[in-house]
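This briefing looks at charged side-chain pairs and at one annotated region. Please read the points below alongside the sequence and the structure.

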Amino acid sequence: MIKATALEQVVRLLGEMPGIGSKTAQRLAYYVLSRETAYAHQLGDALRELKDSLQWCRTCYNISAAEMCEICRQDERDHRLICVVEDAANLANIERSGGFKGYYHVLQGVLSPVNGIGPDDLRIQELLARLEDDQVTEIILATNPTVEGEATAMYLSDILADREVSVSRIGVGVPIGGSLDYCDEITMAKAFENRRRLH
Ligand SMILES: [Zn+2]
């Protein structure tokens, strides 16, 4: 087997990232090459550090520096509420808005049949396991108001239908087809205030 050169290796690895085609991967690799040596070293070190120092919270699957994330460690929050989000970035944005005082659950994706992502690829079983804790009374579905986010919310609503827990969906305020990443604080607060009960 011929050993891939470092350049080919970098292009291949970058090309595996979402939204990065082989052309872009090549362009990024050449860019790194064009920069001073320290840049490439810092990038490599930062990537290594990213994986070595961070992990998934074992409760909510948020990004965490410890076994349990900062939010799950805050005991004074409302134990009755779990807000379900797609990813850690959405969680951080809701948290920044300051309007939600319960706990979170990060699905780490959305249902996407075209991309081969089904229920087993998301942290759904882990969410159901958390409901065994009888303190939880409401699940707020805060996936993005996109086609896939809506489909995921509906799927969760269905499988939660026979559980002893009320289920709601974040309401108006979040623009349709929009992303929670671009939601300002007031809009986000409204979205929670106007959540509608699904069952
Ligand atoms: Zn957590």
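A residue is called buried when its relative accessible area is under 20%, exposed when that area is over 50%, and partly exposed in between.

**Salt bridges**
- Side chains of opposite charge can pair when their charged atoms come close.
- D78 and R80 are joined through their side chains in a salt bridge with an N to O distance of 2.9 Å, and R80 is partly exposed because its relative accessibility of 47% falls between the two cut-offs.
- E36 and R35 form another salt bridge, in which the closest N and O atoms lie 3.1 Å apart; E36 is partly exposed at a relative accessible area of 43%, and R35 is likewise partly exposed, at 30%.
- R195 pairs with E138 in a salt bridge whose closest N and O atoms are 2.7 Å apart.
- Because R195 sits in the loop between α7 (185–193) and β7 (196–197) while E138 belongs to strand β5 (residues 138–141), this pair ties together parts that are 57 residues apart in sequence.
- R195 is partly exposed, with 30% relative accessibility, whereas E138 is buried, with a relative accessible area of 13%.

**Annotated region**
- The unreviewed UniProt entry places the feature "zinc finger region: C4-type" at residues 57–72.
- Over residues 57–72 the predicted chain is 0% helix and 12% strand, and the C-alpha atoms at the ends are 8 Å apart.

Notes:
Residues numbered from 1 in each chain as written. Predicted model: local features only at pLDDT ≥ 70, side-chain atom pairs only at ≥ 80, totals over all residues. Heavy atoms only, no water. UniProt positions renumbered as here; feature names shortened; annotations may be inferred. Helix = DSSP H or I, 4+ residues; strand = E, 2+ residues; numbered from the N terminus. Salt bridge = Lys/Arg side-chain N within 4 Å of Asp/Glu carboxyl O. Buried < 20%, exposed > 50% of the residue type's maximum accessible area, 1.4 Å probe, protein only.
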